[in-house]
Every structure is written in C-alpha cells, then in structure tokens.
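Student: Some labels are used for parts of a structure, and I would like to know what they rest on. Can we go through a few of them?

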Amino acid sequence: MSTPVMAAVPNPIEPLDMRWADGTPQLVVYLPRAKVEKALRDLLHRDVTVPLIFHLGFDLESARGRAWRALLEPLLLGAQGDRSDLHP
C-alpha cells in the first residue's frame, strides 16, 4: 500500500492493482518499458537480456526518495499551483 512516505514502483511486466492510504497525495509517473530498457542499455553499454524487476516499495524519506521528490516538485508546482500538502 502506498503512503505519503512510501511510493509504489510497480513492475512493468506484471498486472497492477493499487490502493492508497487515506489522505495520500497521488502522482503516477509512467515510463515506457522500452525507453527504460534503452536507457539502461545505454548506461551499461550492452543489451538488457532479462526483464527489469523493481522493488515495489520506494521510501520517499531516503536519500534517493528525497532526490526523486526534488526532481518532481517543480512539475507539481507548475501543474497544480501550491502543493503545501506534500510532505518534506
């Protein structure tokens, strides 16, 4: 279950059924599987031979989670105005 501090990162090859805790702001970011695999292939300089599998939970309070939120914050502000309901 997603919460304000735990994001869900579904696997691109599995069905998806999501539930959010009450009061959890929702933002869905879709990255086409082929583009993610191409980016990985470009980083590794070799073919990706197995499907990408992600850990479902993404801690938004971790260093990587804070960096992800910092990247998305300007998009949220521009799209929806003041987002004071976002948790730091």
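Tutor: The questions below take such labels one at a time, and the model they concern is predicted.

Student: What pattern does the protein chain follow along the sequence?

Tutor: The pattern is β-α-β-α, and the secondary structure comes to two helices and two strands.

Student: Where is Glu37, and why is Glu37 called buried?

Tutor: Glu37 lies in helix α1, residues 33-44. Its relative accessible area is 17%. Buried means under 20%, so Glu37 counts as buried.

Student: Which residues is Glu37 in contact with, leaving aside neighbours within four places in sequence?

Tutor: Those residues are Val48, Pro51 and Leu52. What makes each a contact is that heavy atoms lie within 4.5 Å.

Student: What makes Leu71 exposed?

Tutor: Leu71 belongs to helix α2, residues 63-80. Its relative accessible area is 56%. Exposed means over 50%, so Leu71 is given that label.

Student: Which residues make the nonpolar surface patch with Leu71?

Tutor: Leu27, Val29, Leu31 and Trp68 make the patch together with Leu71, and the patch covers about 470 Å². A patch residue needs over 30% relative accessible area, and Leu71 has 56%.

Note on methods
Residues numbered from 1 in each chain as written. Predicted model: local features only at pLDDT ≥ 70, side-chain atom pairs only at ≥ 80, totals over all residues. Heavy atoms only, no water. Helix = DSSP H or I, 4+ residues; strand = E, 2+ residues; numbered from the N terminus. Patch = residues over 30% accessible without salt bridge, like charges linked within 9 Å, V, L, I, M, F, W, Y side chains within 5 Å. Areas by Shrake-Rupley, 256 points an atom, 1.4 Å probe, with all protein chains shown as cover. Salt bridge = Lys/Arg side-chain N within 4 Å of Asp/Glu carboxyl O. Buried < 20%, exposed > 50% of the residue type's maximum accessible area, 1.4 Å probe, protein only.
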